[in-house]
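Please examine the sequence and the model shown below.

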Amino acid sequence: AVIGSHPHVRQPIEFNNGRVIAYSLGNFLFPGMEEMRGAEESEIVRLGVFHGRAIYRDVFPARLSGLTVSLGVLY
């Protein structure tokens, strides 16, 4: 798996042939970016790995509002 970061916003996740690339999961606990579009949205990714291959992924959306994180909500 490759987990990228830095652009402060969520970007696509690719899952292909046992390989995962998450370009950016967004800001999980990084308050103060409210004016940047999408900067309050994030994701938690859980990977199932078997014999060195990703066999499943679960993606849990999250949203930061002030100092509170809400799971499963992006709007």
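Strands E2 and E3 (residues 19-22) run antiparallel and are joined by four bridges; strands here are DSSP runs of E, at least two residues long, numbered from the N terminus. Within E3, Arg19 is the bridge partner of Asn16. The model is a predicted one, in which local features need pLDDT of at least 70 and side-chain atom pairs count only at pLDDT 80 or more, while totals for chains, interfaces and linings use all residues. Residues are numbered from 1 along each chain as its sequence is written, and side-chain values use heavy atoms, with hydrogens and water left out.

An open sheet of three strands, with mixed pairing, has the order E1-E3-E2. Its edge strands, E1 (2-3) and E2 (13-16), each pair on one side only; two strands pair if DSSP finds at least two bridges between them. The protein has zero helices and six strands.

What makes up the largest nonpolar core? It consists of five residues: Ile13, Val20, Ala22, Leu25 and Ala54. Such a core is a set of buried Ala, Val, Leu, Ile, Met, Phe, Trp, Tyr and Cys residues joined through side-chain atoms within 4.5 Å. Buried means under 20% relative accessible area, exposed over 50%, and partly exposed in between (1.4 Å probe, protein chains only). Of the 75 residues of the protein, 23% are buried.

Phe60 lies in strand E5 (residues 53-65). With a relative accessible area of 35%, Phe60 is partly exposed.
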